[in-house]
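Please go through the sheet of this model strand by strand, then look at the helices and loops around it.

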Amino acid sequence: MNLDQLLRTNIKALKPYSSARDEFTGEADVYLDANENPFNAPYNRYPDPLQWAVKEKIATIKNIVVEKIFLGNGSDEPIDIVYRAFCEPGIDNVVSIDPTYGMYQVAADINNVEIRKVKLNEDFGFSAQKLLDAANIYTKAIFICSPNNPTGNLLDKSEIVKLITCFDGLVVVDEAYIDFSPESSLLSELDKYENLIILQTFSKAWGMAGIRLGMAFAQPEIIRIFNKIKYPYNINMLTQKKALELLDLIPEKEAWVKTIVDERDKMVRKLFKLPFVQVVYPSDANFLLVKMHDARGIYDYLKDQKIIVRDRSKIALCDDCLRITIGSPMENKMLRKALKELISNK
């Protein structure tokens, strides 16, 4: 992979904004460099633009150097940066599986970049060769989500590796749900592949969706490009502070994951007993994709019961499917109770 050839010409020439906190690092007694209000400490100060304290803690947990970590406003920010850095609007394209996480399409549309979708197999597996065949000389990146959303399944690692090794551009592997999977992250193999970008998030296993913090892991050359493009203070002080607190709660996070996986397996067994359930697809995530008779009607019924699931019926390969997030034991029990009452009401 030639990173320089992948980059947009204007990004190569871009002189990034230099903030006051970029020009000075460390501690001082008096800060008069950033036009900040001197009152209402500590919130009067700009946050660390490169979030070093958070990255150092992540580096220890993930066993990776900080120079290979980018923190974004959710995973959506690094997704968007891939387009802005590497895809010339109206000329370049990306390739993605279908169905998958919808932000790949939205980011493509915002950036005026063609997205070439390759449908998954009927079992929701994929062929690396089909994605490679969909690419051309203008394809800058391929997006893969594993475990995939909304299907819930892990994608074949050997096919992902084939994709990474055979494609000359970037391969973005979105591992938002990897903590709920029996398979380990590709992060331990990051150094093998110079064109690999791995996305993870604090929104799922860590229970931090509300603070909007996503992670991208890649070689330092790619991370430097991300930092060149991002807005100067993309992660606010409160988010950084809360992340540092919660990153100390590894035992609690592991317990949450175990409970969710146990509840997921229990939910599978219970759903199969309902007469209107046709298929409960295997899941390696914290949700289930369930094919039902009259999925929209069941969605509306649950909404009337103040239980909200996701209707995925209009997504490719997901006809008559609801996506059900695994909640707390009590929430899951309430869902099952409502579905049983639906049977008795009929």
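Cys145 has Asp174 in β5 as its bridge partner. The strands β4 and β5 run parallel and are joined by five bridges. Strands count as paired if DSSP finds at least two bridges between them. Helices (H or I, at least four residues) and strands (E, at least two) are DSSP runs, numbered from the N terminus.

This is a predicted model: local features need pLDDT of at least 70, side-chain atom pairs count only at pLDDT 80 or more, and totals for chains, interfaces and linings use all residues. Residues are numbered from 1 along each chain as its sequence is written, and side-chain values use heavy atoms, with hydrogens and water left out.

**The sheet**

β5 also pairs with strand β6 (residues 196–201), in the parallel sense and over four bridges. Here Val172 stands opposite Ile197 in β6. Strand β2 (residues 93–98) pairs with β3 in the parallel sense, over six bridges. Val95 faces Arg116 in β3 as its opposite residue.

| Strand pair | Sense | Bridges | Opposite residues |
| β5 and β6 | parallel | four bridges | Val172 and Ile197 |
| β2 and β3 | parallel | six bridges | Val95 and Arg116 |

These pairs belong to an open sheet of seven strands, in the order β1-β7-β6-β5-β4-β2-β3, with mixed pairing. β1 (69–72) and β3 (114–119) stand at the edges with a single partner strand each, so one side of each has no neighbour in the sheet. On average, neighbouring strands are turned by 20 degrees against each other, direction ignored. Axes are lines fitted to C-alpha atoms, for helices over the stretch in contact, and angles run from 0 to 180 degrees between N-to-C directions.

**Helices on and around the sheet**

Helix α6 (residues 103–110) packs on the sheet and touches β2, β3, β4 (139–145) and β5 (170–174). Contact means heavy atoms within 4.5 Å. The direction of α6 makes about 155 degrees with that of β3. α6 also carries the chain from β2 to β3, in a right-handed β-α-β crossover. β4, helix α8 (residues 157–166) and β5 make a right-handed β-α-β unit too. Right-handed means that, with the strands pointing away from the viewer, the path from the first strand over the helix to the second runs clockwise.

**Burial**

Which residues cover the two faces of β5? Leu170, Val172 and Asp174 lie on one side, Val171 and Val173 on the other, and all are buried. Buried means under 20% relative accessible area, exposed over 50%, partly exposed in between (1.4 Å probe, protein chains only). Five of the five residues of β5 are buried, so this strand is largely enclosed by the rest of the structure. Helix α5 (residues 76–86) is largely enclosed as well, because eight of its 11 residues are buried. Among them are Glu77, Ile81, Tyr83 and Phe86.

**Two loop residues**

Asn44 sits in the loop between α3 and α4 (52–62). At 11% relative accessibility, Asn44 counts as buried. A polar atom of its side chain lies 2.7 Å from the backbone oxygen of Asn37. Pro16 lies in the loop between α2 (9–13) and α3 (20–23). Pro16 is partly exposed, at 38% relative accessibility. Pro16 and Lys228 are 212 residues apart in sequence, yet 5.4 Å apart in space, C-alpha to C-alpha.

How values were computed:
A polar contact is a pair of N or O atoms within 3.5 Å; within protein, one must be able to donate a hydrogen and the other to accept it, and residues adjacent in sequence count only if both atoms are side-chain atoms.
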